[in-house]
Amino acid sequence: MGTASYVLRGTESGMTKTFGSGIHGAGRALSRKKAAKRFWGETVISDLASGGIRVWAHSKRGVAEEAPGAYKDVERVVGAAIESGINSAVAKLRPLAVIKG
């Protein structure tokens, strides 16, 4: 929600090592329940707003469940995919807005 996204492309090595499958997200570090206990939706919205990211959400709990801290570090995950040779980076995208249903 508040972290970068990457556009990656597969590599020849990736075809051999993973049959062309690549990463499709950083993955959760906390369950939704644990994230909702650790983060407060209004605080997450405020923190994101201070970074220039607008948030529209159905509920504050939903925002807390999806807080950036509930996920693994995307830079490390993408770095591992690139270092292993299964993907190469094309673009890094910065979030401007988040819509949570």
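This is a predicted model: local features need pLDDT of at least 70, side-chain atom pairs count only at pLDDT 80 or more; totals for chains, interfaces and linings use all residues.

Q: Which residues of helix 5 are the buried ones?
A: In helix 5, which spans residues 74-84, they are V74, V77, V78 and A81. Looking down the axis of helix 5, these fall within an arc of 90°, so they line one face of the helix. An α-helix has 3.6 residues a turn, so residues three or four places apart point the same way.

Q: And which exposed residues sit on the face turned away from that buried side?
A: That face of helix 5 carries R76 and E83.

Q: What about the ends of helix 5: what caps the N-terminal one?
A: D73 does, with a side-chain oxygen 2.9 Å from the backbone nitrogen of E75. After helix 5 comes G85, which has a positive phi, near 90°.

Q: Switching topic: where is P95, and is it buried or exposed?
A: P95 lies in the loop between strand 3 and strand 4 (97-100). P95 counts as buried because its relative accessibility is 16%, with under 20% as the cut-off.

Q: What does P95 touch, apart from its neighbours within four places in sequence?
A: P95 is in contact with M1, G2, T3, A4 and I53.

Q: Last one: which residues make the nonpolar surface patch?
A: V7, V90 and L93 make that patch, of about 240 Å². L93 belongs to strand 3 (residues 87-93), and it counts as partly exposed, at 44% relative accessibility.

Technical notes. Residues are numbered from 1 along each chain as its sequence is written. Side-chain values use heavy atoms; hydrogens and water are left out. Patches are made of residues with over 30% relative accessible area and no salt bridge: like charges are joined within 9 Å, nonpolar side chains (Val, Leu, Ile, Met, Phe, Trp, Tyr) within 5 Å. Accessible areas come from the Shrake-Rupley method with a 1.4 Å probe; for residues, only the protein chains shown count as cover. A salt bridge is a side-chain nitrogen of Lys or Arg within 4 Å of a carboxyl oxygen of Asp or Glu. Helices (H or I, at least four residues) and strands (E, at least two) are DSSP runs, numbered from the N terminus. Buried means under 20% relative accessible area, exposed over 50%, partly exposed in between (1.4 Å probe, protein chains only). Contact means heavy atoms within 4.5 Å. The arc is that of the directions from the helix axis to the C-beta atoms. A polar contact is a pair of N or O atoms within 3.5 Å; within protein, one must be able to donate a hydrogen and the other to accept it, and residues adjacent in sequence count only if both atoms are side-chain atoms.
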